[in-house]
Amino acid sequence: MRWAHWGKRLTAAGIGAALATGCQSTRVPPGVSAEPRTPEQLGTAAPALFAPKSVTAAALRPTGATGAASAAGPGGEVQLASAFATAPGGAALVGPVPENALDLGVALRLAGVNNPTINRAREAVNEALADQLAARALLLPSANVGANYRYHRGALQAATGFQRDVSFESLYLGAGAGVTGAGTAAAPGVRLFAHLGDAAYEPLAARQRVAAQRATARAVQNDTLLAVAVGYLELAAAESRLDILRQGETDLAEVARLTAVYAKAGQGRKADADRAAANLELLRRDLKRAEEEVATASARLCRLLSLDPSVRLRTPGAPPQPVRLVPEDTDPEGLIATALQARPEVAAGAAAVTEARLRTRQERVRPWVPTLSVGYSAGGFGGGLTNSGFGAVRGRAEFDAVAVWNVQGLGLGNRARVRAADAGMGAALAGYDLAVNAVRREVGEALADARAAATQIRTAEAALAIAEEGFKLESDRIKQVPGRPLELIDSFRQLLESRQELLRATVAFNAAQFRLWVAVGNAPE
């Protein structure tokens, strides 16, 4: 089944993509080192970004939706059923919000299915191709077939100046129309009418416009896929933070239970038990907020994927692991040089400059190159005086060729057109410089963010190891000897913050890596 077909079925059914973990996860369980790894170490190719080349029924499994079905047709094609149960007669029954698991590869693939932003850029390319076809056809003649009938009665003035009353009629049938008397055809049967300068330069300019639109479409697609990748990372981060808080709730609930037991047995103070209970309630408040953040991140990702925002998307569920797509210790000048060669924005700017230069040359030669009009007509022509009867229809053929040199406004009009073309070339050069500067800035910022995030990961890992050891010691102490839980709660908060800090650093590193990957000219697909 083609992606466009089942992508439309997903949107219409309101369940989003029936997705699953067909690709390798970019995250590892707690306790495993979060040191960045390369795509090769993950068993993936860097340009593919963890996406399988084909997705079958085994790789698309909706989860958490009662009554949902996913069956494979011939060749492994996926047939998706509604995630909502239906009552007799086809009425939908209100049920829990369906959750659909997806990995990064499938999310990037779905981003190209009926995405309005990408489609608009593609249609701009089609429009430029149509303009190019029209430019190439400027020196091709037009064909006309027609007929005309003329009847005259009354005074006519002869070439000698005398007037006479005459009544006559005429008829023409064939290639062209508007043939009367000794005059040529008003609409020749085959006609070529074009300015030779336009015929020479318009196809060249149209070719550059097509190249610019194609490069712009690639840039739009890269930006859209990058936004999807970042949205996916935000969803994964929100889910991981929720898992951290849930684990913290379990740990703190045990602390609150022990302090309450000690207070009830008279071996501890009630104030300590109340303090632990209050901290537990505050953590549960943060837990509710984290659940809201997960729902918000899922809705944002649905919007980027053009899916129903009511669909609840989720990631495979493992903690995020740093993935190095571009080594952050690479020389920035080398990355910038690579980016300037590969970025579609730079290519679009260069094509726009070339087109502007062609426009300038076109306007400079305009008054020196003629407008050519060539026409040929052939058909049957007959007629005669009204009182003597209609004459026989006889063959008639005409050929006309006219060349006209035009100087607009005594030359001032042409000068104005040249100045306007020069201004357009200056604007195109400025746009190219802006694109180059933007590429340099994006590469530099993404590289700096990746380096900073890598340092933060190492710092957060060290802090987490210390916090885990401290919390373990304090937990063992309060279980063995009743005491004040203040130190234990402080150790718990340090542990909780260290876990979240490592998560933030990891997500920031991955987002910076994706931005750097796109900034140097690669496509996130």
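## Arg396 and its surroundings

Leaving aside neighbours within four places in sequence, Arg396 is in contact (heavy atoms within 4.5 Å) with Val179, Gly181, Ala182, Gly183, Ser377, Ala378, Gly379 and Phe381. Arg396 belongs to strand β11; helices (H or I, at least four residues) and strands (E, at least two) are DSSP runs numbered from the N terminus. Its relative accessibility is 17%, so Arg396 counts as buried. Buried means under 20% relative accessible area, exposed over 50%, and partly exposed in between, with a 1.4 Å probe and protein chains only.

A polar atom of the Arg396 side chain lies 2.7 Å from the backbone oxygen of Gly183.

## Basis of the model

This is a predicted model, in which local features need pLDDT of at least 70 and side-chain atom pairs count only at pLDDT 80 or more, while totals for chains, interfaces and linings use all residues. Residues are numbered from 1 along each chain as its sequence is written, and side-chain values use heavy atoms, with hydrogens and water left out.

## The chain as a whole

The protein chain has 9 helices and 11 strands. Of its 525 residues, 41% count as buried. Among contacts with a separation of 6 or more, 79% join residues 24 or more positions apart.

The chain exposes about 26800 Å², and carbon and sulfur atoms supply 57% of this area. Accessible areas come from the Shrake-Rupley method with a 1.4 Å probe; for residues, only the protein chains shown count as cover.

## The largest nonpolar core

A nonpolar core is a set of buried Ala, Val, Leu, Ile, Met, Phe, Trp, Tyr and Cys residues joined through side-chain atoms within 4.5 Å. The largest one has 74 residues, and those with the most contacts inside it are Val228, Leu305, Leu313, Val443 and Leu516. The elements giving two or more residues to this core are α2 (104-111), α4 (196-264), α5 (270-304), α6 (332-342), α8 (412-480) and α9 (486-519). Helix α4 provides the largest share, 17 residues.

Leu516 is found in helix α9 and is buried, with a relative accessible area of 0%. Not counting residues up to four places away in sequence, Leu516 touches Val326, Leu335, Val443, Ala446 and Leu447. Leu516 and Val326 are 190 residues apart in sequence, yet 7.1 Å apart in space, C-alpha to C-alpha. With the same exclusion of residues up to four places away, Leu313 touches Asn100, Leu102, Leu235, Glu239, Ser298, Leu301, Cys302 and Leu305.

Helix α2 is largely enclosed by the rest of the structure, because 7 of its 8 residues are buried. The buried residues are Leu104, Gly105, Val106, Ala107, Leu108, Leu110 and Ala111. At the start of α2, a side-chain oxygen of Asp103 reaches to within 3.4 Å of the backbone nitrogen of Gly105.

Ala256 lies in helix α4 and counts as buried at 11% relative accessibility. Leaving aside neighbours within four places in sequence, Ala256 is in contact with Ala276, Ala277 and Leu280.

## A nonpolar surface patch

Tyr149, Tyr151, Phe390 and Val393 form a nonpolar patch on the surface, with about 420 Å² of accessible area together. Patch residues have over 30% relative accessible area and no salt bridge; like charges are joined within 9 Å and nonpolar side chains (Val, Leu, Ile, Met, Phe, Trp, Tyr) within 5 Å. A salt bridge is a side-chain nitrogen of Lys or Arg within 4 Å of a carboxyl oxygen of Asp or Glu. Val393 lies in the loop between β10 (371-385) and β11 (394-404).

Notes. Polar contact = N/O pair within 3.5 Å; in protein donor to acceptor, adjacent residues only side chain to side chain.
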